[in-house]
Amino acid sequence: KVAIKGIERELICPACKELFTHPLILPCQHNICHKCVKEILFAFEDSFADGGSESSNQSSPRIRISASSMDRIDRINRSGIKRNSLTPRSTLFPCPSCQRDIDLGERGINGLFRNFTLETIVERYRQAARAAIAIMCDFCKPPPQESTKSCMDCSASYCNECFKIHHPWGTVKAQHEYVGPTTNFRPKILMCPEHEMERVNMYCEICRRPVCHLCKLGGGHANHRVTTMSTAYKTLKEKLSKDIEYLISKESQVKAHITQLDLMLKETECNSERAKQEASQSFEKLYHVLEEKKSAALRAIETSKNIRMEKLQTQVEEYQGLLENNGLVGYAQEVLKETDPSCFVQTAKQLHVRIQKATESLRSFRPAAETTFEGFVVDTAKQEDILGDLSFHSNGLEIPEINEEQSRMYNKALISWECPGKTDSADIYVLEYHKLNKEEESVTWQKTEVCGKSKVLSDLDDDSSYAFRVRGYKGSICSPWSREVIMRTPPAPVFSFLFDEKCGYNNEHLQLNPRRTSVESRAGFPLLLGSERLQVGCYTTLDYIIGDTGIAKGKHFWAFSVEAYSYLVKVGVVPSNKIQKLFHNTHDVTSPRYEQDSGHDSGSEDAFFDSSQPCTLVTLGMKKFFIPATPAAPKDPASRILPLPSCLGICLDCDRGRVGFYDAGRMKCLYECEVDCSGLMYPAFALMGSAAVHLEEAVTAKYREYHDDI
């Protein structure tokens with residue numbers, strides 16, 4: 001039986017999709033029903049007689065002619081070969097299996113062999129299918145007899161003789177419950193699926209399922225409210241009976257709803273037809289506009305062509321006159337034959353002027369008209385984009401809005417959006433973006449479909465601005481485009497590193513998180529103990545920490561954030577040959593400007609202090625960004641203090657020897673200066689007091705894509 005069931009696919013006719021009936025073997029060794037061959041040939045004959053009309057090709061409801069078969073019908077029709085199997089001519093037949101035109105020869109169907117082997121297998125399959133409908137006895141010797149009853153206790157089916165043998169009179173088995181033949185044997189006692197040896201005797205009202213006493217004592221239902229099975233049975237039966245009675249009592253209301261739904265079906269049908277007509281009219285208007293524009297463009301081209309042809313033809317005639325014995329030259333030759341001086345002079349003066357003009361024209365030859373029609377090229381790029389966006393608009397579908405706070409531009413671009421109503425009214429979203437380029441006249445939007453409310457893009461160029469927009473789709477209906485949002489990519493490829501916990505790391509003052517992506521300075525007892533020996537007018541040391549990876553060449557960018565409560569943080573870069581000096585800098589202990597023995601407050605010592613620093617750093621703290629005092633910086637100290645951005649970035653260009661400090665949220669440069677890149681360059685950070693720095697997390701391929709609810 002299993003073998004017979006497994007070959008069902010081989011027993012299906014490729015034309016009628018049913019079991020073979022009197023199968024014939026085609027010359028290509030494929031099989032087809034005898035009736036199907038005749039119906040296809042007669043369908044082709046009708047198609048040939050009617051010129052290949054679609055109505056004649058569907059003459060038989062039993063046959064299913066595919067589009068490829070219809071193409072072959074047209075091809076045979078055009079070839080002029082007769083396909084009537086009743087004539088002795090050569091007959092072409094399109095095989096439904098191999099999709100080729102098979103020559104059946106002069107005899108047509110009569111020349112095909114009947115596949116008796118396949119016919120026998122199909123008949124055995126039919127017998128097996130009929131036998132599968134009946135439930136056979138489980139205990140008969142082959143061949144099994146059809147069962148007459150099934151024992152619910154034994155979970156088996158029996159014929160009359162086998163039932164008497166296995167259920168003798170006067171035994172316990174004679175008391176078994178038996179029903180008509182069935183394959184659905186339901187156990188008399190419902191056992192617990194978690195405790196297979198225990199029968200269910202309680203009902204959990206929390207989980208709404210039967211449980212056993214072990215489930216209640218120590219299982220998953222220990223703290224749940226349960227009731228006895230009889231009580232649950234009685235309660236649920238009463239509720240179900242009342243609900244059924246309620247539905248029966250509301251039969252008239254149900255019929256009214258059915259009537260209303262029938263009306264809505266008809267109304268939907270009518271409204272859809274009306275919508276089709278309106279859509280057709282809209283497209284017809286577009287067709288008319290295009291036809292008018294097309295006609296106007298062709299007329300303009302034709303007019304320009306005629307004018308140019310006329311000018312060129314005139315010029316051709318003028319130059320033909322310059323040939324010997326033709327036109328102007330021929331006329332001049334005849335004038336030269338004049339022997340009377342007075343008559344010759346009278347005619348030759350004007351003729352000589354014309355000859356000179358022709359000579360000048362010959363020396364500086366210029367066509368009277370251009371042959372190219374470059375000025376008549378129709379630019380349809382914008383119109384194609386507009387037509388590409390042509391779809392059904394619905395006021396009921398919410399317009400999504402791109403969330404600029406949740407969107408990020410880092411190693412990849414993360415674009416997030418949300419609907420004002422906070423509902424998922426759209427089934428799918430389409431995100432479009434393009435690079436802002438002033439040189440390009442036309443804009444080409446790149447499109448991507450998104451199932452969620454965020455998308456990670458990795459094909460964007462560095463140091464470039466992009467425009468983004470999104471719209472929602474629900475079936476064939478779409479919302480209007482969202483407001484365009486412009487975001488800028490980092491000025492260089494993102495450089496990944498972690499805080500170095502080995503080189504100069506002061507674990508008494510600084511604390512790293514396990515992933516080494518955050519560092520925190522705590523102003524606790526260690527700082528107070530370190531300050532105990534210092535005098536008035538002095539400040540404590542900065543605690544430095546660097547990145548674990550250096551940069552040798554190229555241009556790189558990294559970003560980080562500084563906690564708002566941070567008192568003092570310095571960020572920048574340090575060369576590898578000055579790392580030791582960085583961690584042992586004596587100028588971090590006291591400042592001579594405020595030393596009691598200094599005797600002045602000129603600030604010249606600060607200039608010495610800044611120039612002697614081993615690394616390039618800028619100062620942050622108290623929610624401010626301090627631009628260093630340089631000759632190019634503003635003289636007013638207040639203008640050198642900027643609000644601290646939520647995310648900062650550093651761009652190091654080793655090839656140019658420049659380092660820039662950026663507002664990473666807007667990718668705007670706040671300060672840039674020269675830097676010595678003679679060795680490996682490391683990211684450097686310094687903290688004092690309560691402060692914390694967090695490295696920016698890289699955007700991964702599935703970042704937030706499936707976590708929109710976070």
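## Strand pairing and the sheet

Two strands pair if DSSP finds at least two bridges between them. Strands (E, at least two residues) and helices (H or I, at least four) are DSSP runs, numbered from the N terminus. In this predicted model, local features need pLDDT of at least 70 and side-chain atom pairs count only at pLDDT 80 or more, while totals for chains, interfaces and linings use all residues. Residues are numbered from 1 along each chain as its sequence is written, and side-chain values use heavy atoms, with hydrogens and water left out.

An open sheet is formed by six strands in the order E24-E33-E26-E27-E28-E29, with antiparallel pairing. Strand E24 (543-546) and strand E29 (641-643) are the edge strands, each pairing on one side only. From one strand to the next, the twist averages 25°.

Within the sheet, strand E26 (residues 568-575) pairs with strand E33 (residues 681-688) in the antiparallel sense over eight bridges. Pro-683 in E33 stands opposite Val-573.

## Packing of H10 and H11

Helix H10 (residues 327-336) packs on helix H11 (residues 341-363) at an angle of about 150°, and their axes are 11 Å apart. Axes are lines fitted to C-alpha atoms, for helices over the stretch in contact, and angles run from 0 to 180 degrees between N-to-C directions. H10 and H11 are therefore roughly antiparallel to each other (angles over 145 degrees).

The contact (heavy atoms within 4.5 Å) is made by Leu-328, Tyr-331, Ala-332, Val-335 and Leu-336 of H10 and by Phe-344, Thr-347, Leu-351, Arg-354, Ile-355 and Ala-358 of H11.

Conventions:
Angles under 35 degrees count as roughly parallel, over 145 as roughly antiparallel, 65 to 115 as roughly perpendicular and the rest as oblique.
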